[in-house]
Amino acid sequence: MSGRTFTSLLSTWTKEEVYVLGHDELRSTALRMLGSVSVARDRERIHRWADGYRADGWPARTPEYLLHGYFRTLRDAGDLPRVAAHATDAARHNRMLHVTGGDAAAFAEIKVAQELILGEGDPDLLAMARLAVHHDALKARNDDIPVTLPALWAALGAPERAEALLNGIVVAERHSRALLSLLETYLTAGDLVRARALAETATRAGVRARALADVAKALCSAGDLAAAEDVAMLVEDPRQQVSTLSDVVRTAVRTGDSVRARRLVERAERGALNVITAKHRAAAIRSVAESLACLGEHARALSLVRTIPSPFHRGRALGNLALTVTLAGDLARWEALSAEAEAIAHALPQPSAARLLSSLARTAVRAGQPERAKDLAQEATRLAQGLENPAERATVLVPVVMAVSAAGDPGLARLLTQSISVPDRRVWALVQLVKGGALSLPECVVELRRAGSASVSQGELVAVARVAAVDMEEPALAEAIAREVRSPARRLHLLLELARKYAIDGALDRAHTLRAQAEVISRSLLDPQEQIEAIVGTAHLDALLGQGDRARQLAETAEARLRDGTSDAGRQSRALLGLARTLLAMGDVERTRALGRQAMALADGIGQPGQREQVHSELISLALTLGDLDWAGLIAQGHRHPYQRAKDLVRIARALAEAGAQDRCLRVAADIGSLADTLPLHGERSAVLTELTKILTLLGHHERAEEAAHKIPDLQQRARVFVELAKHTEERHTKRLLARVLAMTGWAEPLADVALMAPSVVQAVADEQLTTSSDRPRGREPADQHAGGSVPHRHVSEPSAYPGAAS
């Protein structure tokens with residue numbers, strides 16, 4: 001009888017066997033038979049039982065029912081006071097975190113409690129406030145969860161814990177990154193069922209499309225075309241769906257499933273034409289055309305490509321189509337398609353022509369047409385070298401270097417690389433030389449340092465290293481580039497990323513070597529959050545290296561530090577500042593000042609410079625609002641970065657000027673000027689000196705303001721400052737300043753300001769221009785007058801109001 005009344009289930013969290021009534025009708029019958037009085041008495045016993053564990057601080061022996069099922073009972077009974085109390089119980093939620101590995105259940109309880117309160121005719125505002133405070137505390141501790149921690153627990157064989165952690169990350173951008181990281185772990189492990197389920201939970205459109213596309217590709221690789229098609233049809237973004245369907249089509253063609261391939265290519269073509277952005281629509285059409293070519297429908301593919309309106313993108317698509325038919329052995333069709341693409345390239349303006357010719361040259365190499373490739377590469381080189389803008393030329397030369405190197409001219413490729421003046425672009429060209437065999441790895445490292453790797457952005461170096469490791473299969477080059485990354489934390493994570501690739505590829509010795517290097521770097525990290533992320537990254541590597549026990553120990557260490565509220569001084573100081581601002585708005589000045597002092601003490605313990613400077617700036621804002629200028633100055637002197645200190649001193653100087661404390665303001669202005677002289681970057685120095693001139697002008701010290709303005713390295717900014725100074729000074733100084741502006745910028749840019757301050761000058765010049773225009777012979781352009789022979793010079797005398805304007 002009991003076998004039909006009860007059924008056994010695995011508990012949600014601990015996976016222990018539990019027994020429940022077989023169905024809801026039995027539960028309803030049992031409640032009727034027991035009666036309301038008996039049920040109420042038994043519920044009170046359960047409440048007392050739960051209160052006992054609550055009084056003990058929810059110890060490790062707490063039954064799972066009190067952490068999970070009991071809250072549902074309270075909700076169903078409408079017991080709002082107990083619901084709110086349990087949903088704000090930090091100790092209980094800490095125990096739930098320990099059991100489940102995440103705060104997803106805690107967030108769900110808070111939401112339930114909020115909905116119940118909102119459903120009341122007279123909502124309990126205090127209870128709602130307590131829920132909001134507790135929600136923010138949970139959110140703050142989940143904001144610190146490394147986005148790779150869920151993936152780590154999945155790699156350690158705990159997917160439920162991984163997904164509990166993931167669901168506790170409520171910041172959308174961080175949740176998306178964590179989801180994609182976890183998805184990659186599932187795909188690497190071949191767990192395609194979990195991967196698909198996870199991808200379908202993504203709520204952000206772009207992330208969902210990418211996740212589903214990755215799952216569909218994995219299903220293609222696994223040979224499950226039916227499932228791959230199903231997942232591809234779930235992708236809502238037309239561009240991403242076309243790309244995913246094209247992968248399925250090509251796999252279907254390879255496996256001989258032509259019926260599926262033809263059906264899906266029809267769907268992909270319709271989707272491609274629905275892509276809105278012109279560049280993305282061109283890429284989608286190119287993908288569909290290649291699929292059609294794989295099916296042997298060359299004429300249809302060509303017709304589709306010719307619908308691309310952009311000549312550049314149409315030329316690229318024709319080149320790719322030419323490669324497809326060449327690989328199929330159709331050289332005549334390749335010749336016709338290549339000729340059409342080249343004709344488009346020669347008709348394009350610069351720099352598009354050089355870029356397209358470079359692309360076509362690389363395609364010719366892959367098609368086995370080396371002579372054609374050399375001709376195209378040479379033409380691309382000639383066009384690229386003719387570009388006058390250095391930044392534009394540097395950008396175009398990277399694909400040109402790739403084309404020249406691929407076409408078999410390593411010497412020219414190296415010369416072109418040396419001519420690239422922009423460090424970021426030159427690094428990419430150097431990597432391509434290694435890929436093409438035009439440069440050895442030791443030579444590349446030397447050239448990398450010569451190119452000024454210190455001037456290359458950190459993000460660019462990391463991106464280049466990843467391309468070298470993954471796309472080029474050049475791990476040694478990737479390691480060499482990683483060693484040039486200046487930030488210890490970024491260098492550590494890049495080394496761990498490379499080590500994980502080694503571990504997956506079976507190069508275990510190399511993976512262990514990089515792990516040891518990363519461990520040395522981790523000891524130098526000062527910021528607690530960076531330390532935790534380093535622990536998680538190392539643990540993930542250990543899991544791949546088969547060191548499961550060590551990886552699990554590291555993962556638990558990371559989680560213990562995350563649960564330790566003292567691990568993030570930055571978070572605590574920001575919380576104190578938020579409370580201080582609230583109390584200030586309520587008029588409690590003394591408690592505001594006390595909380596601010598506590599935040600200041602905590603700020604000194606923040607290891608990450610950017611966070612520390614941000615807290616210092618917020619503290620200065622608080623001090624200025626309180627009118628405590630001495631405290632503001634003390635905080636500013638604690639800044640380790642000269643530019644940040646100068647910016648904060650500017651704020652203090654403004655406050656002193658507005659308060660009428662001119663002598664103190666001038667002393668602070670002198671400090672600002674001294675700091676500005678030490679700033680190495682022109683942009684920072686220009687910004688500080690501009691603010692200094694404004695302060696000195698406000699104080700009426702126009703000569704000192706002009707002296708500061710003369711030091712501004714940015715000429716355009718200096719001219720703008722001179723104009724502003726001219727508006728606030730004596731007439732004789734106004735004329736001199738405007739004369740300097742005209743000498744620096746010409747006539748057009750400051751015209752409106754000159755007209756405001758010296759209208760007679762503008763009128764005189766306008767009259768002269770009208771006279772000159774009426775004297776010019778009709779039907780002839782000025783250029784015609786200058787053709788052949790000497791050019792007569794017409795001197796326009798300067799208005800008498802501006803003697804010495806040329807000085």
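Analyst: Helices (H or I, at least four residues) and strands (E, at least two) are DSSP runs, numbered from the N terminus. Histidine 616 lies in helix H36 (residues 609-626). This is a predicted model, in which local features need pLDDT of at least 70, side-chain atom pairs count only at pLDDT 80 or more, and totals for chains, interfaces and linings use all residues. Residues are numbered from 1 along each chain as its sequence is written, and side-chain values use heavy atoms, with hydrogens and water left out.

User: Why is histidine 616 called buried?

Analyst: Buried means under 20% relative accessible area, exposed over 50%, partly exposed in between (1.4 Å probe, protein chains only). Histidine 616 has a relative accessible area of 3%, and is therefore buried.

User: Which residues does histidine 616 touch, not counting residues up to four places away in sequence?

Analyst: Histidine 616 touches Ala603, Asp604, Ile635, Gly638 and His639, where contact means heavy atoms within 4.5 Å.

User: What covers the buried residues of H40?

Analyst: The cover includes helix H38 (642-658), helix H39 (662-678), helix H41 (702-710) and helix H42 (715-726). Among the buried residues of H40 are Val688, Leu692 and Leu696.

User: What follows H40?

Analyst: Glycine 700 follows H40, and its phi is positive, near 85°.
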